[in-house]
Amino acid sequence: MPTLNIHPAIADLEKQIIAYRRHFHRHPELGFQEVETAKYILDQIKELELDIRHPVAKTGIVATMRNGDGPYSASGVGCIALRADMDALPMQETSDVPYKSVNDGVMHACGHDGHMAMLLGTILALDQLRDQWRGTVKFIFQPAEEGEGGARYMVAEGALNNPDAEAIFGLHVWNYQDFGSIGIRSGPVLAAADKFVITIKGKGGHGAMPQGTVDAIYVAAQLVVSLQSIVSRNLDPLQSGVVSIGQIQGGHSFNIIADEVTLKGTARAYREEDRQLIKSRLKGVCEGISATYDAAIDLDYQDGYPPTLNDPAMTEVAARAARRVAGDSVGEPYLSMGGEDMAYFLREVPGCFIFVGSAKPEHKDARVPHHCSHFDFDERALAVGASVFLEIVRDMLPAGS
Ligand SMILES: [Zn+2]
Ligand SMILES: [Zn+2]
């Protein structure tokens, strides 16, 4: 069991933070529909001295807390942003926790309920501790992280402006790491997550008479095999990338040569240049197969979230704050090729996305993954995350300088 140094103000608020999380968990809402969620958040902070902007990007909230005029810190930074995402997933909760979702077919299975609770706790603590920091903090509650990229709309609607945030930090509870650990890393921490649809048009005919036909299923098979050469033969083996075909549709019956097949897949990479390489090779392979087998192949490549890139200097700030909370239990995060729309904020201002270990000790041998129907996490991670946020503010916007 790691020794944790939870800030006393957060320790006092821990019960409240857990209650917030359970409320959000019980009442999940899908992306861009977080109406009740937003109302609840606004209700919790209505007594505080904050400038509130709502709605931003349909259901989002930007709450700005000013404490002196800043900038006061040695780095000259006067305003930083802290971010939480608000949306749940379209799935039925299967576990029987007392705070189980009451909304049929909707569930907080990624931990965004916890992110909102941590940010609310941080707001309350920073309001109580106004003598321990000086400057401006923007609290960003953003909708629709799961696929629709709510962060992009928040940026477009000026969530980071007026006053301008000079840095941004976000946290994710992370069931792939033990409770008590914190994962922090400079550079890419989550992947660019793109989508593609390939339509192959051949020429149908009788299964017994392939002459004169163009068999779209045969062409699809060649394509599925050839696409795997991109990562294995084109990408630098020391870099990361994935091309996965998740869906194939086509054909009519056992004795009919298919005239059309559709493939759907995802392409992932950690670095922008690798993403562009995969994209251009996908196009090249489609063109080559098309020419070889005389089939019309259309590639519809849709850019998804960019890679999530942590800034080196801001990563240092986050690591310092995290070490104050979790000491030696701060290390490399468990990385994956998942995507995160925090990437859009990190493209605008330097910052750091932090992974807060939240696996329950009793799940040690069978980790409960995010997006599974019995997802749950160790609620003690909430106080850890809120403490890290608090320490970041005290570090970036110190009272005494
Ligand atoms: Zn998720
Ligand atoms: Zn998430």
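1. A nonpolar core is a set of buried Ala, Val, Leu, Ile, Met, Phe, Trp, Tyr and Cys residues joined through side-chain atoms within 4.5 Å; buried means under 20% relative accessible area, exposed over 50%, and partly exposed in between (1.4 Å probe, protein chains only). By that criterion the largest nonpolar core has 74 residues, and those with the most contacts inside it are I80, F139, F141, F169 and I392. Helix α9 (residues 380-396) contributes the largest share of this core, 11 residues. Helices (H or I, at least four residues) and strands (E, at least two) are DSSP runs, numbered from the N terminus.

2. On provenance: this is a predicted model, in which local features need pLDDT of at least 70 and side-chain atom pairs count only at pLDDT 80 or more, while totals for chains, interfaces and linings use all residues. Residues are numbered from 1 along each chain as its sequence is written, chains are lettered from A and ligands numbered from 1 in the order in which they are written, and side-chain values use heavy atoms, with hydrogens and water left out.

3. As background, nonpolar side chains tend to be buried together in soluble globular proteins.

4. The zinc ion (ligand 1) is coordinated by C110 (SG), E146 (OE), E146 (OE) and H371 (NE2), at 2.0 to 2.8 Å. Donors are N, O and S atoms within 2.8 Å of the metal (3.2 Å for Na, K and Ca); water is not among the atoms, so sites may look incomplete. The four donor atoms subtend angles of 51 to 150°, which makes the arrangement irregular. Four donors count as tetrahedral if all angles lie between 85 and 135 degrees; four count as square planar and six as octahedral if opposite donors are over 155 degrees apart and all others between 65 and 115; anything else is irregular.

5. Along the chain, the donors of the zinc ion (ligand 1) follow the spacing C-x35-E-x224-H. C110 lies in the loop between β3 (79-85) and α3 (112-128), and E146 in the loop between β4 (135-142) and α4 (150-156), so the pair ties together parts that are 36 residues apart in sequence. C110 counts as buried at 9% relative accessibility, whereas E146 is partly exposed at 23%.

6. The zinc ion (ligand 2) has C110 (SG), H112 (NE2) and H172 (NE2) as protein donors, lying 2.2 to 2.5 Å from it. C110 bridges this ion and the zinc ion (ligand 1), which lie 3.2 Å apart. H112 in helix α3 and H172 in strand β5 (residues 167-178) link distant parts of the chain, 60 residues apart. Both H112 and H172 are buried.

7. Y99 is in the loop between β3 and α3 and is buried, with a relative accessible area of 5%. Its contacts, not counting residues up to four places away in sequence, are R21, R22, H25, R26, D376 and E379. The side chains of Y99 and D376 are joined by a polar contact of 2.7 Å (a pair of N or O atoms within 3.5 Å; within protein, one must be able to donate a hydrogen and the other to accept it, and residues adjacent in sequence count only if both atoms are side-chain atoms).

Terms used
Contact = heavy atoms within 4.5 Å.
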